[in-house]
Amino acid sequence: MLKVGIVGTGVIFDLNVLGYLDEKDVQITCLCDNRIEAAREKIKKFGLGENIQVYTDYKQMIENEEIDMIEFLLPHHLHSEAVIFAASNRIKAISVQKPMALSLSEADEMIAACKKSGSILSIYENFLFAPQIVTAKKLLEEGAIGDLLAIRIKTVMGAKGGWIVPESAQSWRRDPKLIGGHSTKGSPVLLDNGWHAFALGYWMFGNEIEFLKARTDSYGDVDAPAYVFWKFKKAASQSYPQYGILEFCLMPEMVVPSKYYPTDEFIEISGTKGMMWINQCTSRGNQMSGSGIFPSIVLYINGKIEKIEEERQDWKYSFINATKHFINVLKMKVDPVLSGETARYILKFNLAAIESAEVNKEIKL
């Protein structure tokens with residue numbers, strides 16, 4: 001029986017916990033939250049059992065409990081310290097939320113600590129496990145639209161229609177020192193929500209990045225709208241250059257019906273033989289999904305249109321799949337999709353974009 005400890009029982013816990021519930025040889029044995037009643041409410045909500053220990057200090061939990069796997073659902077500034085402490089106590093597998101750290105030096109310390117202890121470090125990125133994105137990735141690898149040329153990821157952020165997130169969960173995101181990114185304002189879009197798009201942009205193509213240019217504006221305390229343009233390094237085997245664009249659009253009066261955040265994503269990929277569109281992620285399964293106008297995936301090849309509809313139309317499946325991947329990483333002794341080293345490269349990409357916007361210059365990676 002693999003024993004699991006989870007640190008943090010806020011809103012996102014409701015999705016991270018789902019992948020454990022039907023695993024016969026994996027058991028959540030302890031939770032940690034500085035609001036102890038919140039943790040107990042989650043135990044009841046998900047029927048986790050009466051014997052689960054609840055702590056307000058994750059260090060005490062790690063020292064007292066026999067844990068094989070641990071998930072940290074903590075604010076960004078706590079990631080590094082928490083991972084290093086877990087590694088020093090030889091937790092076998094450690095999962096931490098995105099972004100993995102606030103700086104490359106913190107990321108290096110986390111990676112080094114896990115290597116020293118033999119702990120597996122996995123950065124949790126559910127978007128890479130969304131059913132429609134997994135299907136799209138497979139199609140691209142099979143050459144469905146030929147050699148890849150460009151990717152454009154548009155993230156739309158509405159003001160209403162989804163979760164009502166408690167103020168206590170939002171306050172740290174307004175502190176630049178806690179959320180990270182821009183030196184004076186913080187980057188709640190580019191470094192927080194934006195990490196998903198940076199990870200997708202890099203993972204879909206799999207090539208390193210040569211240079212990038214970014215531009216952000218501001219709306220209140222949010223670094224949006226924001227645009228990032230980059231060129232992938234050209235491999236010797238490639239005939240064509242490859243580019244990418246990220247667009248983050250804040251729409252303060254728009255309602256985005258969603259079970260989760262009032263946010264959604266739209267991805268367009270160009271190839272030498274055709275085009276691919278991936279419609280929605282966070283809000284997949286809402287009225288837009290059911291309209292028939294926005295299938296999960298659309299292919300346009302040789303003048304013909306093919307629609308592919310994914311049956312599992314709910315963002316929760318990206319979390320379930322990501323959690324089961326984390327479990328299998330330990331069971332099967334395989335590398336996580338986002339190892340510490342891979343996530344460090346995405347962080348480098350992400351921080352370079354923030355720097356480019358700050359100094360208004362092109363940045364080479």
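Author: What follows is a set of questions on helices, cavities, cysteines and strands in this predicted model.

Reader: What length does helix α12 reach from its first C-alpha to its last?
Author: Helix α12 covers residues 316–332, which is 17 residues. At 1.5 Å a residue the expected span is 24 Å, and the helix comes close to that. The span from the first C-alpha to the last is 24 Å.

Reader: Which residue just after α12 takes a positive phi, and of about how many degrees?
Author: Helix α12 holds a number of buried residues, among them Phe-319, Ala-322, His-325 and Phe-326. The residue with the positive phi comes just after the helix. It is Lys-333, with a phi of about 60 degrees.

Reader: Which residue with a positive phi follows helix α6?
Author: Helix α6 runs over residues 131–141, and its buried residues include Ile-133, Ala-136, Leu-139 and Leu-140. The residue that follows has a phi near 85 degrees. That residue is Gly-143.

Reader: How many cavities of 30 Å³ or more are there, and what is the volume of the largest?
Author: A search over the whole structure gives 3 cavities of 30 Å³ or more. For the largest cavity, the volume is about 70 Å³.

Reader: Which element gives the most residues to the lining of the largest cavity?
Author: The lining of the largest cavity includes Ser-122, Ile-123, Ala-322, His-325 and Phe-326. Two elements give two or more residues to this lining, β6 (120–123) and α12. The one that gives the most, with 3 residues, is α12.

Reader: How many residues in the lining of the second largest cavity are charged?
Author: Among the residues lining the second largest cavity are His-182, Lys-185, Asp-223 and Ile-354. By class, 3 of the lining residues are nonpolar and 4 are polar. The charged residues number 2.

Reader: Is Cys-114 buried or exposed?
Author: Cys-114 is in no disulfide either, and the nearest cysteine sulfur, that of Cys-30, is 18 Å away. A residue counts as buried under 20% relative accessible area. Cys-114 has 4% relative accessibility, so it is buried.

Reader: Which strands are the edge strands of the open sheet?
Author: The open sheet has 9 strands, in the order β14-β13-β12-β11-β7-β10-β9-β8-β15, with mixed pairing. An edge strand here pairs on one side only. The edge strands are β14 (304–308) and β15 (363–364).

Reader: Which residue in β11 stands opposite Lys-154?
Author: Strand β7 spans residues 148–157 and strand β11 spans residues 263–271. The two run antiparallel and are joined by 9 bridges. Opposite Lys-154 stands Phe-266.

Reader: How far apart in space are Thr-29 and Leu-347?
Author: Thr-29 lies in strand β2, residues 26–32, and counts as buried at 14% relative accessibility. In sequence, Thr-29 and Leu-347 are 318 residues apart. In space, C-alpha to C-alpha, they are 32 Å apart.

Notes. Residues are numbered from 1 along each chain as its sequence is written. This is a predicted model: local features need pLDDT of at least 70, side-chain atom pairs count only at pLDDT 80 or more; totals for chains, interfaces and linings use all residues. Side-chain values use heavy atoms; hydrogens and water are left out. Helices (H or I, at least four residues) and strands (E, at least two) are DSSP runs, numbered from the N terminus. The expected span of a helix is 1.5 Å times one less than its number of residues. Buried means under 20% relative accessible area, exposed over 50%, partly exposed in between (1.4 Å probe, protein chains only). On a 1 Å grid over the protein atoms alone, a cavity is a set of points where a 1.4 Å probe fits but cannot get out, and a pocket is an open set with protein on both sides within 12 Å along at least five of seven lines; lining residues have an atom within 4 Å of a point. Grid points are joined across faces, edges and corners, and a volume is the space filled by probe spheres set on the points. Ala, Val, Leu, Ile, Met, Phe, Trp, Tyr, Cys and Pro count as nonpolar, Asp, Glu, Lys and Arg as charged, and the others, Gly among them, as polar. A disulfide is a pair of cysteine sulfur atoms within 2.5 Å. Two strands pair if DSSP finds at least two bridges between them.
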